[in-house]
Every structure is written in structure tokens, then in C-alpha cells.
Amino acid sequence: MSGDGAILLAILIPLAGAVPIALAGSRPNLREALTLVTAAALFIVVLTLVPEVAAGDRPRATLIEMLPGLPLAFEVEPLGMLFALIASGLWIVNSIYSIGYMRANKEQNQTRFYVCFALAISSTMGIALAGNMMTLFVFYEALTLSTYPLVTHKGNEDARRGGRTYLGILLSTSIGLQLLAILWTWQVAGTLDFTLGGILDGKVSGPVVGILLLLYMYGIGKAALMPLHRWLPAAMVAPTPVSALLHAVAVVKAGVFTVLKVVIYIFGVDFLHLSGHGQWLAYIAAATILIASLVAMTKDNLKARLAYSTVSQLAYIVLGAALANFWGIMGGSMHLAMHAVGKITLFFCAGAIYTAAHKTEISEMNGLGRVMPFTFGAFMIGALSIVGLPPMGGLWSKWYLAMGALESDQILLVGVLMLSSLLNVAYLMSIPVRGFFGKVTGSPGSAEGAAVVIKEAPLACLIAIGLTASGCIVLFFAPDALVSLLRPLVSP
Amino acid sequence: MADFPGLFNYWIVIVLMMTGFYVVIARGNLVKKIVGLNIFQTSVFILYISMGKVDGGTAPIIVEGTVGAGVTYSNPLPHVLILTAIVVGIATTALGLALIVRIKEAYGTIEEDEIFAKDEPE
Amino acid sequence: MIAAHLPVLQIVVPLIAAPICLLLRRGSLAWGLSLAVSLAVLVIAANLLTQVLESGPISYQLGGWAPPWGIEYRIDVLNSFVLLIVAAIGAVVLAYARRSVAQELPESQQSGFYTALLLCLAGLLGVTVTGDAFNLFVFLEISSLSSYVLISMGRDRRALTAAFQYLVMGTIGATFIVIGIGLLYMATGTLNMADLGARLPAAGASRTVLAAFAFLTVGATLKLALFPLHFWLPNAYAYAPSAVTAFLAATATKVSIYILLRFFYTIFGPAFAAADITLQSLLIPLATVAVLVCSTVAIFQNNVKRMLAYSSIAQIGYMMIGIGFGTATGLTAGIVHLFNHALTKGGLFLVLGCVVLRAGSCRLDDLAGLGRRMPLTMFGFVLGGLSLIGVPLTAGFVSKWYLVQAAIEQGNWLVAAAILAGSLLALIYVWRVVEAAYLRPAPENAPEAAEAPWSMLIPAWILIGASVYFGVETSLSVGVASEAARFLLGGAG
């Protein structure tokens, strides 16, 4: 299959898949089979692109000329390739998990759920494969809108409020700041094509670079840089598979992916490095890492804690971009994959616990690991990967990031990374520890009853958890593949 | 000031226009508003009629023997134009009055403040 | 033979059909005739646009009298584009009107309704095609008088007061325009627009010409409801019959904007409009305030029709910002937005008409839970709303893109920020409706609302679909608009 055909297919398959999924609404088995088939087809199509990109080719496709000089165009480069792989791969796993979760919890409107999910994945593919900033922006907004019905899935007052925050922050930052930055870029550079080495070099200088960077970084609300992170915890009202998608795969990753794209292809790594404006961004990111970790420690609700952990982990990637050197960019890009696999495992476990035991607060989970050993074991693996300990993939990205900070003589930032890892241990590892070793508290009657009733989550959930947990371990042994794929992004 | 007598018509126009405008704005009675609107429009009629006047000009009617005899005519075009505008003005007045009748039927009053008061509670 | 007379047939056909409608007496017959007429007009308008694009402006001499003595119909890129918008909206609204009108008006009034609608259409088309300044006033009054009638036909008694208010304001505006035209005639001795444009530079910027300029500007801005001369608009739109609201919102204000463009650029010329009078310093602040204030007011409305009416005033502000800049990009933005907003707002009001038909009202509370009961209708509203906000892949985005670009070109960051802030305000008011429709349960005693009939859904979706289509494929809208902008700036000097 030729590259450009595959690109369009990657966007069209989930989009077109939404139609039969919607039509099969009254027959759940068929509907879910269709979802899985679509997901698998998408993954295969994305896989066919890999050899070309790895060989140094950049498949291109142009859809239509949206505005004069600004077509909807696609180009596959290593970073986008990686993101597309993560998103399409995890969609399969997430679909398997969703089947177990949605049925077990008897959620309403499951058809709408699967349809919007497919649309969101289509938008994510558009973001991953976009060939210019305009195209990326278009799909960025499409992703926000297609995930809104997922966030407000429950349809109650909480969902309404959460949805309002979600949409409010994401749309207002993107329209108010990002669009302005894009227009400004278009005005000064005359192009929005993603070009290695940037398009702004020589076009702007001095404080303007800083203002543009600020507009972009806060315009990309999905990257959840503090203080614009509120939408992420607010979106926790969604069902768990959605949270997993939002927080591990599509939405937040689309944000940090855009950050990386902007730094690498709009500003250019060298240009940003020389301008020196990356520095304050690095400090904002470092502050976000620490503050979010501290907030996470205070949260007793498991999903809220994971949300703040995500805010913190996303800032790692922004930090990598802000360092604007080889190690930073590599570390940030790798963290895209590492964090995705790790965090989705954690969310799956949170959902499994909710499905099986109907518990959402961490303080209620004492001793639960003994009845759900598989779930809590997987949680342990995911948590270790997020912390960055061997033998989990998370080690590598943190390693690169620390190297990047060292290379730019930012000892302070290295310290932040170390401190944050300790905080991660404190707020993540305490959960499985409680689960396995904690004393069952509460009234004896209910605990006894619970111990009898609670067992592991449905099989579909467990399969998904097993897959992503093993993914964390596999990534530890295969960093070379990632490194060689990403190497063309930046010269060491 | 030397121009004052010559611009007499235009002063009338301005006074009429402002009078009409004032009535439209200041009166709460809908019929009076229509009256004001009429005065306002009338001032424009006079403006147009005045601009057609040519010094020493006579009615623009060609009578045998006068063609090419150096007779000055007034400009008939503004008069023709304003005939159209008068027709439009009458139509507007008629429609306005018809609306007032309907308003009276619906509200039982044609005083603006009373009408607004009646719609308030809803 | 007939092809040569297309410019005048455009007006004559609806003008003759209008009284016939009244004679037909039966509402459905009148509807059939009006629909046929509006389709014919649409075909003619499309034909004219292609002709103009291929072979340049068309000049038609009415009754064979040569300009500048006779009345000339002159069709160039700008007005053939406006013509197409008006004719297209007219056809769509008429296709939609039957069910909506049958529900909102008694049978006895229906033929009168279609008569007035056709007259209004003829008037708007006449304003657009004519090349004669006084003729423009006559057509303007034809369309205005019939639109007062149309508005007064609303079910709520407040429609009457709204129509009266509009009548007073509209007449003042039109009279101002006559005064301006008269003063121009005094200065130049001609009424033909092209001729005026040629002779005015010689007349210089005398006090007469300046006064004419002022009267024309104020008169036109009154008709197009530029803030702060907009007070007639919200009530008129809110209480008029649904089809009328859609028709007027999409055409009447747009034609008024066209009048302003014509005065500024063909008659006074770009140099006069830009330099002699510092238009920028007047129009742009007003327009910017319009965007911000009226979008904010829209947020607090509980009647959705009224909310969209305020949104219209804000959107007019956008167009005026573009026109106020007076640059190629700015004019392109203004004209593109004129087109895009006609589609979007027309579509939205048609959708609301469906809601009124089924739910009986368009108060926000009555929309609760409609997303489930009228999925197609409400999804149409969502798409139209997105275009209003200016989300990519909708027409609204294209206009905002050009507008912000025009502002950045001028280094006017405040205006650029205001345009984007306006989008965010739009997000808030649109989302209030979306939340009500999708995330609130229907009230217990709500009438059993089924999906609207196809005869209404299809026209509404044509406009909604178009507002998405022209967000993706912009060669027609942007292409013609930038052509028109170039023509205005270069061709009329």
C-alpha cells in the first residue's frame, strides 16, 4: 500500500467505522465486534506506515485546499508515527476493556459511547499525521468536540459541570491563544508547514519569540500546563474507559504531542535553544511537576489522584521540549509512549476496582489486593513504570530527561526530577501497598460481606490490563527501537 | 449671514426635521410618533423641492415658440423623485396607523409606557 | 432574447407574482407560486453570477434609456454575489415556510404572508441590482414596508410593537438615506452610482458632500443595526414568525451592509472613505463594542430566538470591523462573513422554527431534553452553533481567520483579541442551549415532541450543511469575496 493512501485510510477507517457502529446500536455484540474490527484494521494500516518512516521516507497526502495556501495536508514523521502507533494500538486494548466495563456497570447510551470513541480516534489520527499546523489545529478542535459527549456521558449535574470546565478551558485556550499564535505565525512566516528546523528562525526575534511561545504553550490547553490544568480533574466524571482514553492515550497526549511538534517543527530546536526562551517554560513545567504531585498526594479519590499524576507527568514532556536539546526532546518523545502505557494500566485498574468492588476512595481499599491480586499486581507494574524504576519502560524516558537537564547545566531541574520521582513513589505505591498489606477497616459486618462478594473484574477488563501491564515491561527491553525511530527529530 | 435669505428654505427644512425628530423621540403616544415621522419626512420633501429651483427658472413645460429661445427652466427631476418619496411616505403612514389599530386591539392602549408595563409581568 | 433581460426579470417576476399570490387566497396555492418564483429567481441569480465571473460587469438599461438619465441596473462581482445569497436564502426559506406558516398563521393571513414575503424578496433584490441611487431608496422601502408587515404577523402581541418600533427606526434610516442622496444630487447633478463616483472627486470634499456622507452612513448603519443603532432588531427577530426571522436575519441586514459598501466604495471611492473621513476611528470601535457587548447580552437571554438576534448584532459587528479596516483582507473578511453568516444564522433560525413547531416555544427551559426527542433538529443547532463560534471546518472559522488576519496586518492587536473573545462569548451562549437540549431531562409535562417534518428539516439542513461545506471548500466564498474586495478597492476609483 502506498504511503499517502494509508494516511487517508488511517483517518477514514475510524470515521467510517462510526457509521456501522451506530447502525448496529440495537445489537451490542455486533456493535462491539465492529469496534474491535475497526480498531484492528486501523492498527494494521498504521503499522504499514512504519517501515517507510523508519527508512527515512515521509509519506505525504493532501486532502483539499481549505484556505488559499493552507491545505488540509498530512505528512508522517517519526513523532507522529509514534503517536499514531500508541493511539491506534491502545484503542484495541481500550475497546476490549470497554466491553467488560460498560456491560458490567450497565452504562446508558453505549452506542453513543462507541461512536464518539471512534470519532475521537479519527481526530487523534488527524493530529498525529498532520502535515501543517492548520491541519493539526482542525483535528485538535475536532478531538475536543468529539470527546465532549464522552465526558458528559452520565448526563447528570456533575457531568454537566465537568463538561463545562472541560469544554470551556480547552476551547477558550485553543481559540483565544493558539489560534492567535497560529495566525501570527502565518503572518510572519507565510507558511504553516511543519519543517524540521522550524519556520520562525529569522522571522521573529527578541521578546516576540517569548510571547509566541507563551501563546502556543498555554494555547495548547490539552497539555495541562498549570494553571490551565483544571479541565483534567474535571473530566474525571466520565466513565473509566473514557478517562483512560483522555488521560493516557488521546487527549492529553495530543496536547503534549502538539507541544513537541510546535517546538521541533515551528520554532525549531536550535532556534528555541539559542533564543533562551525555553528556560522559563522549563521552570513552569518543573513547578507543574512538583505542585501537581503534591496535590495528587492529598487526593483520596483514586481517579482524581491519577488525574493530578497525569498533570505532573505531562509536564515532564513539556519540560523535555523546553530544554530544547537532544536528550530533552528524545526523553519527552519517549515519555509520550512510556506514560501512555503506564497510565492506561493504572486507569484500567481503577476501573476494574470500581467495577468489581464499587470503591473509588483509596482509603477504602485496604486489603482489597488480597481479593483482587491480579488487578493490584498490574497496578504495581504500572506505578513502577510511572515512577521510572527498572524493569519498566518509564526508566528510559526519565533517564533521557535527566540527561537533558544535566546537559543544559540545570542542576535544579535534575533535582526536581529526582524529588518528583520520590513523590510518585509516595502517592502511587501507597495504593498497592494498602491493597496487599492494609488492614481491613470499617464495620466488621460489611468488610466480611465484601470479602465474600468481591472478586476480580470481568475477563475482558483483565485481558486489557494484562496487555498494557506487560507493555510496560516490554518497553523496558526495547528502547532501541524507539530511539532509532525518533533519532531523525533532532541532532545530538 | 448674507446667505441667510437665500438659504431660507433650508432653514425651514432643518427646523421641520428637528421638530419631527423630536416628536418621534419624545412622545409616547404612538399616533403622535407617526405625526412626528410625517413632519420629519415632509422636511425632506421641501429639501428636494427647493433643490429643483433654478434662479429665474420657469415651469419646465415646452411651449411652442420657446424652444431654444433662451428660457431658463427649473429642474423637474427632484420634483418627480419626491413624488415617489411622498407615495412611500403615505404607505408608511398607512401601515403605521394600521399597526396602531392592531396594537390598540391587542393592548387596549396606544401609550408606549402602558404597553411596556402590560408586557412586563410575563 | 430572455437572457439579455435577466437583470430586470430578477425583480419583475417576484413583483408581479406578489399580487397574484394575494388573489389566490388559498395559503397552499400561494405557497406553491412563491416557491416556484423564488426558484426561478435563484436560477437567474446563479446565471448572472457565472456571467459576471466570466465576462465582467453587466449593464442593463431599463426601458432602453441610457444612463445616466435612465435607470441602470449594474451587476458586478459584489452585487451578483449578494444577489445569489439573497435568492438562495429566499428559495430555502420558502421551501421551508409551508408547515411553519400553516402552524403560526391563520389560513386567512397566509396568502397575504406570501405576498409580503415576495415583495420583500423583490425589494431586496432590487436594492442589490440597481445602479441608481434613488431607485435604491425605492426598493429599500419596498423591502422595509413588507418586512414590517411580516414581523407584525408574529403570534405574540409584542410582534406588533416590535414591528412598529422597526417601522419608526427604519423610516428614519431610509429618510436619512434619501437626504444623503439628495445632497449628492445637489453636488453632482446625477443619480447614477457610477456617474456619481466619476463626478464626486471634482466636486471635492465640500460641506454638502460631507453631510451627504454622514447622512448616508448613519442611515445605512441604522438599517443594518450597527451598535448602538440596533434597538429595533432583537424584538423584531424574536417575535416575528420563524420563517420571517430566518429570512430577514440572513438577508435584510446583509443587503444593508451591501448598501454601505456601495456608498463607500463605488460612490465615494476608497480614497474618500479611507482618508478624508477617518472611518476607521469611528466604525471599528463601534463594531468592536458591538461584538463584545451584544455577545455578552446574548448570554443572558432566555428566549433562544432573542439570543440569536443579539448574536446577529455581534456578527454584524464582525462584518463592520472587516469593512472598517478598508484593506483587501479586511474587505474580503467582511464579505466572506456576510455570506457565511447568512448561511449559518439562516440555518439556525430555521432550526429554531422546527423547535417552535414541535415544542411550542423556544424558551431555554422548553428546550430541555430536546436533544433526545428531536435529534436531527438539535444536532443541526449544534453544527450551526459551532459555526457561530468559529470552530475549524465550519464557515464561521473561515471568516474569523480572515478577520483576525486583517487585524494583525494592521497591527491592531486589541481588535484581534476582541474578535477571539467574541468567539468565546459565542461559545458560552451556544453551549447554554446545547446543555439544555442534551444534558437536562425533559420536564414532566412536556408535550410529546417528535422530529420535525422533512419539509422543514431538509431546508434547515441545507443551510446548516452549507455552513459546514463552506468551511471546508472555500474557493467559491473566499474566491468571490476577494475578487469583490479587489474590485471595490481598484475598480471604482
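Two chains are said to be in contact where heavy atoms lie within 4.5 Å. In this predicted model, local features need pLDDT of at least 70 and side-chain atom pairs count only at pLDDT 80 or more, whereas totals for chains, interfaces and linings use all residues. Residues are numbered from 1 along each chain as its sequence is written, chains are lettered from A and ligands numbered from 1 in the order in which they are written, and side-chain values use heavy atoms, with hydrogens and water left out.

Chains A and B, by comparison, do not touch, and 29 Å separates their nearest C-alpha atoms.

With a disulfide defined as a pair of cysteine sulfur atoms within 2.5 Å, the structure holds zero disulfides over all chains. A:Cys461 is accordingly in no disulfide, the nearest cysteine sulfur, that of A:Cys349, being 10 Å away. A:Cys461 counts as buried, at 0% relative accessibility, where buried means under 20% relative accessible area, exposed means over 50%, and partly exposed lies in between (1.4 Å probe, protein chains only). In chain C, the sulfur of C:Cys354 is too far for a bond because the closest cysteine sulfur, in C:Cys362, is 12 Å from it; C:Cys354 is also buried, with a relative accessible area of 0%.

C:Leu15 lies in helix 1 of chain C, helices being DSSP runs (H or I) of at least four residues, numbered from the N terminus. The side chain belongs to a residue that is partly exposed, since C:Leu15 has a relative accessible area of 31%.

Terms used:
Helix = DSSP H or I, 4+ residues; strand = E, 2+ residues; numbered from the N terminus.
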